[in-house]
Structures are given as structure tokens and as C-alpha cells.
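Please open the structure in your viewer and keep the selection panel at hand. The stops below are given in the order in which they may be selected.

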Amino acid sequence: MADLKIWMNGTLLPQEQAVLPVNSAAVFYATNVFEGLRAYWNERDGEVYAFRLADHFARLRESMKMMRFTVPYSDDDLFEAVRAVLAGNELREDVHMHLVAYVLAPGLEATSPSGLYINPRRRPRVPEGKGVSACISNWTRTSDNAIPIRLKSGSNYQNGRLARLQARADGYDEPIFLNQRGKVAEGSGATFFMVRKGRLVTPTTSSDILESITRTTLMEDLCPHVLHMDVVERDVDRTELYTAEEAFLCGSGYEITPVTSVDRFPLGRGEIGPVTRALSTAYLNLVRGVDSRHPEWRTPTYKKVTV
Ligand code: PMP
């Protein structure tokens with residue numbers, strides 16, 4: 001299948017032509033901030049819906065502020081760019097995309113000029129019926145006092161990269177980080193949830209985790225209103241992971257990815273548990289619009305609207 005085109009500062013380009021100078025802060029210091037989001041094809045409506053676009057734009061804006069980028073884009077500019085990349089690639093299917101704002105000037109102190117590109121891709125999801133094996137990483141989650149881990153700066157991701165490569169070298173699918181206090185933080189690119197003693201539990205936002213949009217969707221909507229289960233936000237200890245009935249990683253990219261073992265301890269019966277399965281169905285129904293609640297979270301990208 002042909003590569004999708006990248007939208008870069010107003011122009012659609014083949015992948016190999018979307019390049020940055022080697023001396024830019026973006027390339028040399030990873031001076032970029034980004035968002036990863038999915039848009040879902042809805043056959044009934046003949047529409048591609050981007051999920052929680054306004055929340056992704058808001059977080060991109062927070063990331064730019066925090067990393068001291070000058071911010072030349074309005075939300076309307078960002079929305080037009082998303083429309084342009086989907087329409088320009090004639091996408092009538094599910095798509096994942098990275099929106100990346102970067103600094104072009106060289107040097108550590110560079111804050112502008114900035115550019116923006118959107119890289120769409122067909123990102124596979126974990127095959128239905130399959131869970132992943134996780135390990136506790138022997139890398140520690142970067143502290144929020146070292147780099148703003150609650151936001152999405154590309155430079156944060158070397159921490160996740162090292163953990164993921166270590167996990168794979170050790171024969172696991174995914175790492176789970178502990179933070180500097182020794183409490184569970186999150187995955188390398190996803191939020192952690194578990195079911196323990198019948199309750200849904202996730203680490204607090206003061207655990208050196210990204211402030212995840214999926215986490216909010218689950219906590220404020222799907223868990224209480226569809227599953228009728230409240231989520232407890234608290235510190236989670238390492239050994240709780242080994243004795244959990246169920247666990248999953250979640251995020252815009254990961255959606256709901258079941259974790260069936262941690263450090264080779266099977267969770268529950270070592271299969272995808274009923275809460276995880278129900279939540280995964282509820283999530284996919286919501287993002288695609290099969291569950292028609294919260295239309296404000298699904299921005300049609302073909303129809304002319306503003307977010
Ligand atoms: N944690 C990390 C480190 C991530 O990269 C992501 C993906 N953005 C998540 C959690 C999940 O965040 P969201 O639900 O906003 O995609």
C-alpha cells in the first residue's frame with residue numbers, strides 16, 4: 001500500500017520529502033512537542049471522526065507553552081491541517097496521526113521559528129483476543145521535576161524508548177515504569193489501569209505520568225456510565241501488579257490493550273478479563289460513534305465545521 005502523504009506547513013508531501021535540517025533544535029535536541037490521535041471511519045455516516053480533537057489541541061498548546069515554543073497556530077489552523085491531511089490522502093478508514101510542532105533554529109535556547117507537520121499512518125491495533133506480556137522496567141520514569149512528563153515533548157520519549165527496548169530484549173511485549181518514589185507510573189506510551197479486589201485502580205496524575213485523554217474518557221465517562229464502576233486514583237505498589245485480577249494499558253494509540261501477565265505472573269487466569277473486554281468494546285463504540293453519546297468528542301473531518 002502506498003505511503004500516506006505528510007502535511008508539512010501547508011503542503012502535502014511524500015514521506016521522503018518531509019525533512020528537517022540536521023542543525024535544527026528539532027533534530028539535534030528533539031525540540032518538538034506532539035500529539036498522537038486517532039480518527040475513525042464511520043460507515044453509516046460516511047465520515048471520518050477525529051476523537052477528542054479539541055483536547056489534543058489544548059494539550060499541544062500546553063506542551064508548546066511549557067517547552068517555551070512560540071505558538072503561531074490557532075485551533076482553526078490546526079483543524080484545517082487535520083482536514084487537509086485526511087482529505088488529501090483520501091482516507092476512508094481508521095487512521096492514527098502524529099501532530100508535531102518543532103523548532104527550526106539551532107541551539108539549546110531556540111524557541112522559534114516553529115513549524116508543524118502531521119504524519120498520518122495506518123497503525124495496527126493489538127489483535128482482538130490477545131493480550132500483552134508486561135514487565136516492570138528496570139528504568140525509572142523520568143521525574144516531573146526533570147522534564148515535564150505530564151505533557152508530550154519528543155525528548156521525554158528516550159526514557160520510554162530505553163524501557164521498551166529493554167523489555168523486548170528480555171522477552172516481554174511492554175514495560176511498566178515505576179517512578180522515583182517506587183510507585184507504579186505508566187507504560188512507555190500508555191496509561192496503566194488494573195482491576196484489584198473488584199475495583200478499577202489507576203495511578204494519580206502526581207505519579208509522573210502523562211495527563212492522558214483516554215484516561216479521562218475512561219474515568220469520567222465509560223467506567224462510571226457504561227460499566228457502572230468508579231475508578232480509584234491512588235498510589236499503586238509493584239506487588240499489587242502481580243496480584244491484580246486484570247490490567248490494561250490505554251491511550252489514543254493503544255486504545256485498550258489488555259495485559260495478561262506482569263513479570264510472568266499471570267493476572268487472573270492469564271487471559272483477557274471481563275472488565276477489560278467490556279471496556280474495550282465500550283471504548284471502540286464511543287470513538288467510532290456506534291455509541292452516539294458525546295458527539296462533541298467526534299469531530300467530522302469531511303464536513304465543514306469548527307472545533
Ligand atoms: N502515557 C504516555 C507516555 C503516552 O505517550 C501516551 C500516549 N499519548 C499516553 C500515556 C496516553 O495518552 P492519551 O490517552 O492522551 O493518548
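**Stop 1: the aromatic rings**

Select Phe 51 and Trp 297: both are buried, a term that denotes under 20% relative accessible area, with exposed meaning over 50% and partly exposed in between (1.4 Å probe, protein chains only). The model is predicted, so local features require pLDDT of at least 70 and side-chain atom pairs count only at pLDDT 80 or more, while totals for chains, interfaces and linings use all residues. Residues are numbered from 1 along each chain as its sequence is written, and side-chain values use heavy atoms, with hydrogens and water left out.

Over the whole structure, a search returns seven aromatic pairs. Rings of Phe, Tyr and Trp (its six-membered ring) pair if their centres lie within 6.5 Å; planes under 30 degrees apart count as stacked, over 60 as edge-to-face and the rest as tilted.

Phe 51 belongs to strand 4 (residues 47-51) and Tyr 283 to helix 7 (residues 274-288), 232 residues apart; helices (H or I, at least four residues) and strands (E, at least two) are DSSP runs, numbered from the N terminus. Relative accessible area is 5% for Phe 51 and 1% for Tyr 283.

Return to Trp 297. Its ring and that of Phe 51 have centres 6.1 Å apart and planes at 85°, so this pair is also edge-to-face. Trp 297 lies in the loop between helix 7 and strand 16 (298-300), so the pair with Phe 51 ties together parts that are 246 residues apart in sequence. Ring pairs join Phe 51, Tyr 283 and Trp 297 into a cluster.

**Stop 2: the ligand**

- Glu 186: a polar side-chain atom lies 2.7 Å from a ligand nitrogen atom.
- Ile 213: a backbone N or O atom lies 2.8 Å from a ligand oxygen atom.
- Thr 214: a polar side-chain atom lies 2.5 Å from a ligand oxygen atom.

On its own the ligand has 390 Å² of accessible area (Shrake-Rupley method, 1.4 Å probe), of which the protein covers 95%.

**Stop 3: the loop at Leu 108**

Finally, select Leu 108, in the loop between strand 5 (95-103) and strand 6 (114-121). Leu 108 counts as exposed because its relative accessibility is 66%.

Terms used: A polar contact is a pair of N or O atoms within 3.5 Å; within protein, one must be able to donate a hydrogen and the other to accept it, and residues adjacent in sequence count only if both atoms are side-chain atoms.
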